[in-house]
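Let us work through this model in questions and answers, beginning with a helix and then turning to the sheets and a pocket.

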Amino acid sequence: MPELPEVEALARFLAERVAGRGVERVYAAAVHALKTYDPPLGALEGGRFEGVERHGKFLDLRVGELHLVMHLARAGWVRWSDRLPEVPPRPGKGPLALRVRLAEPVDGAGFDVTEAGSQKHLAVYVVRDPQEVAGIARLGPDPLAEGFTLEAFAGLLDGERRQIKGVLRDQAVLAGIGNAYSDEILHAARMSPFKMAAALSGEEVARIHEAIGTTLRDAVERSRGLALKDLKGEKKSGLRVHGRKGEACPVCGDTIREVSFSDSSLQYCPTCQTGGKVLADRRLSRLLK
């Protein structure tokens, strides 16, 4: 799933290529992905891109008075083309969800929004204000914003009775962190994913806060200047524990372990994060604290 660093890279990439350019045509190839109908998708045509922003994991492309907002869900992506096919796409069962063809200075350039796999959760909105999108309206603070201080983070955890892994992934608490980068942050902070947030000491809160900033900023910097086709590969190669079950921890050399859930999994290093304890698989028994 694209998370904050990848969506930030997508926003920067698109901003460099679409700002100031007109929208010639917009095609909805997967009608189920379109979540709003007023204004209609066609209202974007004839408008001009005025900027691209990120809200958590949401992409926000401003076209005149309107906003084309996208959430890429688990398997969505954006693919740029200097020359899109001349033939309009046909709605169907393929990966294409949306096509945007740009006007001047070179007709035919634009981008496709695609979604792989059979589970279709990609969402596209056309709104007058991004806050009309419920997922954006409920977002917590952005962890890369200047106002995300240690004191602000500690305030978010005050009275929190959930495990820290779940808190970091909650978009209403922090915007943009998902399964992969929460694993990376907790590994960098030397923290068990199942430590209760309310039980964290001041020193532990400070470690996690620092790890959030360094992990996300490093990932954003690694993505800077890369082509869209290379971003997914860069993310995978830059992860130290997530998705690396059975490999050696790059810090201590211990074997990276995994805890599986019904629809996801997490990875961690016992030596670095749990004092050597192996966490039990949630599908089989209670988790060790």
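This is a predicted model: local features need pLDDT of at least 70, side-chain atom pairs count only at pLDDT 80 or more; totals for chains, interfaces and linings use all residues.

Q: Why is H5 largely enclosed, and what do its buried residues pack against?
A: Nine of the 10 residues of H5 are buried, so the helix is largely enclosed by the rest of the structure.

Q: Which residue with a positive phi follows H5?
A: The backbone after H5 takes a positive phi, near 55 degrees, and the residue that does so is Arg-190.

Q: In what order do the strands of the open sheet that contains E2 lie, and which strands stand at its edges?
A: Four strands with antiparallel pairing form this open sheet, in the order E2-E3-E4-E8. Two of the strands have a single partner strand each, so one side of each is left without a neighbour in the sheet, and these edge strands are E2 (49-55) and E8 (123-127). Neighbouring strands here are turned against each other, direction ignored, by an average of 15 degrees.

Q: Which helix packs on this sheet, and what angle does its direction make with that of E2?
A: The helix that packs on the sheet is H1 (residues 4-18), which touches both E2 and E3. The direction of H1 makes an angle with that of E2 of about 175 degrees.

Q: Are the two faces of E4 covered or open, and which residues lie on each?
A: All six residues of strand E4 (residues 66-71) are buried. Both faces are therefore covered, with Leu-66, Leu-68 and Met-70 on one side, and on the other His-67, Val-69 and His-71.

Q: Which residue in the hairpin of E3 and E4 takes a positive phi?
A: Six bridges join E3 to E4 in the antiparallel sense, and Val-63 stands opposite Leu-66. Two residues lie between the strands of this hairpin, and the one with a positive phi, near 60 degrees, is Gly-64.

Q: What is the bridge partner of Leu-68 in E8?
A: E4 and E8 are paired antiparallel over five bridges. In E8, the partner of Leu-68 is Val-126.

Q: How much space lies in the largest pocket, and which element gives the largest share of its lining?
A: The lining has 28 residues, of which Met-1, Glu-3, Lys-57, Arg-74 and Asn-179 lie nearest the centre. By class, eight of the lining residues are nonpolar, nine are polar and 11 are charged. The space amounts to about 750 Å³, and the largest share of the lining, three residues, comes from H7.

Methods
Residues are numbered from 1 along each chain as its sequence is written. Side-chain values use heavy atoms; hydrogens and water are left out. On a 1 Å grid over the protein atoms alone, a cavity is a set of points where a 1.4 Å probe fits but cannot get out, and a pocket is an open set with protein on both sides within 12 Å along at least five of seven lines; lining residues have an atom within 4 Å of a point. Grid points are joined across faces, edges and corners, and a volume is the space filled by probe spheres set on the points. Ala, Val, Leu, Ile, Met, Phe, Trp, Tyr, Cys and Pro count as nonpolar, Asp, Glu, Lys and Arg as charged, and the others, Gly among them, as polar. Two strands pair if DSSP finds at least two bridges between them. Axes are lines fitted to C-alpha atoms, for helices over the stretch in contact, and angles run from 0 to 180 degrees between N-to-C directions. Contact means heavy atoms within 4.5 Å. Buried means under 20% relative accessible area, exposed over 50%, partly exposed in between (1.4 Å probe, protein chains only).
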